[in-house]
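Student: Can we go through this structure together? I would like to start with the charged contacts and then move on.

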Amino acid sequence: MSKVKYYYDSESLSYKKIERKKRTTFKYASFFILGCVFFAFIFVFIASQYIESPKEKALKRELHNMQLQFELINKKMAEAETVLANIEDRDNNIYRVYFEANPIPEAQRKAGFGGINRYKNLEGFDNSKLIIESNKRIDILQKQIVVQSKSLDEIAVLAEEKEKILAAIPAIQPVSNEDLTRMASGYGMRSDPFTKARKMHWGMDFTAPRGTPIYASGDGIVVRADSRSSGYGKHIRINHGFGYTSLYAHLYKYNVKKNQKVKRGDLIGFVGSTGRSEAPHLHYEIFKDGSRINPINFYYGSLTAEEFNKLLEHASLENQSLD
């Protein structure tokens with residue numbers, strides 16, 4: 001029970017009960033509540049400064065984890081940029097140079113994105129600048145990868161074409177060294193065996209016994225295997241593509257026929273002495289874009305350096321040709 005308080009009334013000479021007014025009670029109650037709220041606010045404020053709630057701890061751990069992940073992503077992006085830069089350098093300065101292709105301009109490789117603001121939805125956050133820069137790096141990296149991927153596709157096509165060219169070029173000696181008697185005559189001005197006059201000898205003469213195997217010097221298609229060309233007797237012509245044609249003359253017999261596909265090293269015929277020929281030998285010519293060129297420059301596929309030097313020495317002698 002609450003204590004009842006009295007006061008002495010001097011007029012009535014008696015004690016009277018003290019009656020608390022409702023307004024006064026309300027005032028005291030209001031002060032009490034306000035005091036409680038104030039002290040509670042102070043407590044919460046102090047606690048928030050020095051004591052972490054479970055939710056804050058969880059958010060702090062999550063933020064720390066995100067920072068670590070961001071650092072790892074940045075590191076991986078830097079590594080990817082380094083690797084890609086190395087590939088781009090090799091692409092421009094090795095692959096494209098080798099395959100005679102124009103390098104890709106740096107501006108095209110590292111071009112940004114114009115027009116609309118692609119990152120507007122990332123603005124307005126605490127770390128917007130950081131997030132936008134990271135997204136820009138990723139987008140540019142992706143674009144560089146696409147450019148490089150297309151470039152490598154182009155290089156693959158060029159490599160395949162280059163492989164075809166290398167296989168097609170007449171690059172081996174048409175008669176093996178073991179079967180040769182000697183290299184009778186080379187490309188240039190030579191003495192004609194019949195008229196004894198000096199005239200241009202458009203090919204190379206390889207002396208070998210009748211029936212010695214003759215090999216295709218490069219991949220191609222046999223376009224002629226007949227004796228209808230003046231002076232050559234039985235002869236074969238192979239179209240290698242890319243402007244190259246090889247001719248094999250004075251054959252004893254054929255081992256191929258017209259329109260037949262051949263590979264470098266295939267047996268195509270045998271040495272003879274048909275047509276305008278003084279003795280069994282192979283007369284060998286190479287045409288590039290319709291013009292005769294010196295076959296001596298096309299033996300890198302079958303001769304050692306020593307063998308080539310010896311062949312070059314014999315081919316340069318201004319002796320008599322055999323046709």
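Tutor: What follows goes through salt bridges, strand pairing, a pocket, an aromatic pair and a few loop residues. Keep in mind that this is a predicted model.

Student: How many salt bridges are there?

Tutor: The count comes to six salt bridges.

Student: Start with Lys-263. Which residue does Lys-263 form a salt bridge with?

Tutor: Its partner is Asp-219, and the closest N and O atoms are 3.7 Å apart.

Student: What about Asp-219, buried or exposed?

Tutor: Asp-219 has a relative accessible area of 18%. Buried means under 20%, so Asp-219 counts as buried.

Student: Next, which residues are linked in a network of salt bridges?

Tutor: Arg-224, Asp-226 and Arg-228 are linked that way. Arg-224 bridges to Asp-226 with the closest N and O atoms 3.0 Å apart. Asp-226 also meets Arg-228 in a salt bridge, at 3.3 Å from N to O.

Student: Why would such side chains pair at all?

Tutor: Side chains of opposite charge can pair when their charged atoms come close.

Student: How accessible are the members of that network?

Tutor: Asp-226 is buried, with a relative accessible area of 8%. Arg-224 counts as partly exposed at 24%, and Arg-228 counts as exposed at 67%.

Student: Now the strands. How many bridges join β8 to β9?

Tutor: Five bridges join β8 to β9 (residues 235-241), and the two strands run antiparallel. Arg-224, from the salt-bridge network, stands opposite Arg-237 in β9.

Student: And in which sense do β8 and β12 pair?

Tutor: They pair in the antiparallel sense, over two bridges. In that pairing Gly-220 stands opposite Val-262 in β12.

Student: Changing topic. How much space lies in the largest pocket?

Tutor: About 360 Å³. The lining has 13 residues, and those nearest the centre of the pocket are Leu-63, Met-66, Gln-67, Phe-70 and Asn-127.

Student: Where does the largest share of the lining come from?

Tutor: From α2, which gives eight residues. α2 (54-98) and α4 (128-168) each supply at least two residues of the lining.

Student: What is the lining like by class?

Tutor: It has eight nonpolar, three polar and two charged residues.

Student: Let's do aromatics. How many aromatic pairs does the structure hold?

Tutor: The structure holds one aromatic pair. It is formed by Tyr-248 and Tyr-284, whose ring centres are 5.3 Å apart.

Student: Why is the pair called tilted?

Tutor: The planes of the two rings are at 45°. Planes under 30 degrees apart count as stacked and over 60 as edge-to-face, so this pair falls into the tilted class.

Student: Where do the two tyrosines sit?

Tutor: Tyr-248 is in strand β10 (residues 244-249) and Tyr-284 is in strand β14 (residues 281-288). The pair links distant parts of the chain, 36 residues apart. Tyr-248 counts as buried at 0% relative accessibility, and Tyr-284 counts as buried at 0%.

Student: Last one. Where is Pro-105 found?

Tutor: Pro-105 is in the loop between α2 and α3 (106-109). At 45% relative accessibility, Pro-105 counts as partly exposed. Its C-alpha atom is separated by 9.0 Å from that of Asn-92, 13 residues apart along the chain.

Technical notes
Residues numbered from 1 in each chain as written. Predicted model: local features only at pLDDT ≥ 70, side-chain atom pairs only at ≥ 80, totals over all residues. Heavy atoms only, no water. Salt bridge = Lys/Arg side-chain N within 4 Å of Asp/Glu carboxyl O. Buried < 20%, exposed > 50% of the residue type's maximum accessible area, 1.4 Å probe, protein only. Pairing = 2+ DSSP bridges. Helix = DSSP H or I, 4+ residues; strand = E, 2+ residues; numbered from the N terminus. 1 Å grid on protein atoms, 1.4 Å probe; cavity = no way out; pocket = protein on both sides within 12 Å on 5 of 7 lines; lining within 4 Å. Points joined across faces, edges and corners; volume = space filled by probe spheres on them. Nonpolar A, V, L, I, M, F, W, Y, C, P; charged D, E, K, R; others polar. Phe/Tyr/Trp six-rings, centres within 6.5 Å; stacked < 30°, edge-to-face > 60°.
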